[in-house]
Protein chains: 2
Amino acid sequence: MKLLEEKIRQDGNAVNEHILKVDSFINHQVDPALMQEMGKEIAEHFRGRGITKVATIESSGISPALMTALALEVPMVILKKQPSKILNQDLYQTVVTSFTKETNYELTLSKKFMTAEDHVLLVDDFLANGEAATAAIRLIRMSHATIAGLGVLIEKSFQPGREKLKSQGIEVYALARIGKMEENYIEFID
Amino acid sequence: MKLLEEKIRQDGNAVNEHILKVDSFINHQVDPALMQEMGKEIAEHFRGRGITKVATIESSGISPALMTALALEVPMVILKKQPSKILNQDLYQTVVTSFTKETNYELTLSKKFMTAEDHVLLVDDFLANGEAATAAIRLIRMSHATIAGLGVLIEKSFQPGREKLKSQGIEVYALARIGKMEENYIEFID
């Protein structure tokens, strides 16, 4: 998506070869009109595949997922993070180990909001190592729902997320794919 | 807002005199079309007052705030929760004590995204005791920005949030005001 690539070039900040800051329009401050365009673009890619719900991970996936769900006219379900394990039989639960942030958290989903009848599009802001997405898919599959794919705004293609998801049979659609980064330098993959 | 009151009557769950569950359309599963209508309604109420930014508190305020910001054509800024205090001179920071959840957390705002030139509309899903909103206002005022008001989806009018904010000079606009609750019973205030 050219619009997003241009925005990243203009307002993104490649801190080093791993860290891209997009906190002026995606993460901390959010550009709602751009977010709506991005949601529409993800929705268009997956339209006509019988998607019944859009799911995302709390909390930076909420904005793109809400706009995608709006365009697809389906509900959005937020997979909730909890700091510690509380046993609850009304929830699906899975532990996520974040190597990036060196923390553990519990990802939860109320059993009410996902069933075997659902065909779920997962949406998030970033795909890097695929840790969060893998956990989200594991959680969604506990409900026996099927996964339509993963839509993300920005993919760090030099990290193994896409390969990891592909090996689980998940199609990944990214609006901007970054092939390489250095301080103040970003290379996109077409 | 009649649409929201009807939705609360239909799909909300008054657990007892204090707890209202709206997790099927606001908190956990989100109805994007309803959220857009609610965002437009809040935007209409505050339109023409020179609002430059919509701010909200991570994470259940993100959906209504994004839709309000979209309608007002201004950026949304997410006040971020952090579990512990990390000193950072690029951030405004304030500690929030949640009596409801019996936890402490740090609310943070990057100095880049709010200045004395900003006139900020705060948006959240619920107003009850006003703890989170009070902390958000304290944080926003550190930047010397001015506050246009607080827009919320649901106000528990039997709790002191509105009075607390009024005493700080903050106008509160709520789409649905609940005067009284009991198990399976909800009374709205017009």
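Predicted model: local features only at pLDDT ≥ 70, side-chain atom pairs only at ≥ 80, totals over all residues.

Reader: What makes H4(B) mostly covered?

Author: A residue counts as buried if 20 or more other C-beta atoms lie within 10 Å of its own. In H4(B), 11 of 11 residues are buried, and the helix is therefore described as mostly covered. Glu73(B) follows H4(B) and has a positive phi, near 55 degrees.

Reader: Why is Glu131(B) called partly exposed?

Author: Glu131(B) has 16 C-beta neighbours inside 10 Å. Glu131(B) belongs to helix H5 of chain B, residues 131-142.

Reader: Which residues are in contact with Glu131(B), leaving aside its neighbours within four places in sequence?

Author: They are Val96(B), Ser98(B) and Phe99(B). The criterion for such a contact is a C-beta separation within 7 Å. By a C-alpha to C-alpha distance, Glu131(B) is also 7.5 Å from Gly161(B), although 30 residues separate the two in sequence.

Reader: How do you know that a two-fold axis relates the chains?

Author: Chain B is superposed on chain A by a rotation of 180 degrees with 0.0 Å of shift along the axis, at an RMSD of 0.0 Å. That is the relation of a two-fold axis. The same surface serves both copies, as 100% of the contact residues of chain B recur in chain A. Within chain B, Ser59(B) comes closest to the rotation axis, its C-alpha lying at 2.9 Å.

Reader: Which elements supply the side of chain B that touches chain A?

Author: The contact takes 24 residues from each of chain B and chain A. On the side of chain B, strand E3 (29-30), helix H3 (32-46), helix H4 (62-72) and strand E5 (76-82) each supply at least two residues. H4(B) gives the most, with 5 residues. By class, this side of chain B has 14 nonpolar, 6 polar and 4 charged residues.

Reader: Why are H3(A) and H3(B) called roughly perpendicular?

Author: Helix H3 of chain A (residues 62-72) packs on H3(B) at an angle of about 110 degrees, with the axes 8 Å apart. Angles of 65 to 115 degrees count as roughly perpendicular, so the term applies to H3(A) and H3(B). Leu66(A), Ala69(A) and Leu70(A) of H3(A) make the contact with Pro32(B), Ala33(B), Met35(B) and Gln36(B) of H3(B). By class, the contact has 6 nonpolar, 1 polar and no charged residues.

Reader: How many bridges pair E7(A) with E5(A), and how many with E6(A)?

Author: E5(A) and E7(A), residues 103-110, pair in the antiparallel sense over 3 bridges, with Lys80(A) opposite Thr108(A). E6(A), residues 91-98, and E7(A) pair in the antiparallel sense over 8 bridges; there, Leu107(A) is the bridge partner of Thr94(A).

Methods
Residues numbered from 1 in each chain as written. Chains lettered and ligands numbered in written order. Helix = DSSP H or I, 4+ residues; strand = E, 2+ residues; numbered from the N terminus. Buried ≥ 20, exposed ≤ 12 C-beta atoms within 10 Å, placed from the backbone. Contact = placed C-beta atoms within 7 Å. Least-squares fit on C-alpha atoms with pLDDT ≥ 70 in both. Nonpolar A, V, L, I, M, F, W, Y, C, P; charged D, E, K, R; others polar. Axes fitted to C-alpha atoms, helices over the stretch in contact; angles between N-to-C directions. Parallel < 35°, antiparallel > 145°, perpendicular 65-115°, else oblique. Pairing = 2+ DSSP bridges.
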